[in-house]
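The structure is shown first.

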Amino acid sequence: MRNELNELATFAVVASERSFTRAAVKLGVSQSALSHTIRGLEQRLELQLLARTTKSVAPTAAGAALLEDLSPALEQIARALDRARSIRHRPAGRLRIVMSRSAAVMVLLPRLTAFAEAYPEIILDVVTVTGPVDLVAGEFDAGIQLGEYIQKDMIAVPVTRELRLAAVGSPRYFASRRLPQKPRDLHDHRCITLRLPGGPYRWEFEKGRKSVTINVNGPLIIDDTHLVIEAALAGAGIGLAYEEQVAEYIVKRRLIRVLEDWTPPIPGFFMYYPSRQHQPAALSALVNALRLS
């Protein structure tokens, strides 16, 4: 099919120019190569498409009919290619982006208004999930994820600084319970568990050279940190969320933070995508807008 399209496009140029010399200059090939291409097309079709003399070239009746049918199709292909090339240079079109709801709230939404005003022709098609995603298999242009979960063959650009997790519970919950002083004290508490694709998240703590992983138990397993916070506010138990998400609740004393000295910083969110080569202008614009300055 590729060879046939090339031959038909070559024929259209020669027929339109009515000259092998001018067509060769326009196409950037030799006259002998043009003649070979046209002869091959005529042999396959078993039709003479061009009448040739030493002084002129003109389409035959069959060639004129073929050119009439071909011209709109070739023009449509040319327009389609121009549109495709414009995606590379003009920030426009649809971008499919995957991220957690937390990443959407913490990274994307605060910068969305400015981005939409700067690039009105870009549409962000956002899918929220819990846990890592295979971008290629999911047909996504890019994703936002914690650095530790991104595959090593991806291009990763930081979009937040380091994060910290915060274990929190409501004053109502702690009214009749002692505050945990070390991670293992959580075994005596109701905990709100975050579910990831591989199963419930095991709470990880670190202090100096000590690191502890706890399989917590409790009345609720959910898959979104915002729901974890709401459950903690309601007094369901101790929940684990990002420090930024609960800072205001802690200041207002709607939540009490525990085990703060056991929660060191972790790598923040990164925007990731498969390759730098031939990157669409829309994706470059989004990367630059979200990149940590």
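How many nonpolar, polar and charged residues does the lining of the second largest pocket have, by class?

## Basis

The model is predicted, with local features needing pLDDT of at least 70 and side-chain atom pairs pLDDT 80 or more, while totals for chains, interfaces and linings use all residues. Residues are numbered from 1 along each chain, and side-chain values use heavy atoms, without hydrogens or water.

## Second largest pocket

The lining has 10 nonpolar, 5 polar and 3 charged residues (nonpolar: Ala, Val, Leu, Ile, Met, Phe, Trp, Tyr, Cys and Pro; charged: Asp, Glu, Lys and Arg; polar: the others, including Gly). A pocket is an open set of points on a 1 Å grid over the protein atoms alone where a 1.4 Å probe fits, with protein on both sides within 12 Å along at least five of seven lines; lining residues have an atom within 4 Å of a point.

The space in this second largest pocket is about 310 Å³, a volume filled by probe spheres set on grid points joined across faces, edges and corners. Among its 18 lining residues, Ala9, Thr10, Ala12, Val13 and Leu27 lie nearest the centre. Helix H1 (2–17) gives the largest share, 7 residues (helices are DSSP runs of H or I, at least four residues, numbered from the N terminus).

## Ala23

Ala23 belongs to helix H2 (residues 20–27), and H2 supplies at least two residues of that lining. Beyond four places in sequence, Ala23 touches Val13, Val14, Glu17 and Leu34 (contact: heavy atoms within 4.5 Å).

## Largest pocket

The largest pocket holds about 860 Å³ of space. Its lining divides into 21 nonpolar, 13 polar and 7 charged residues.
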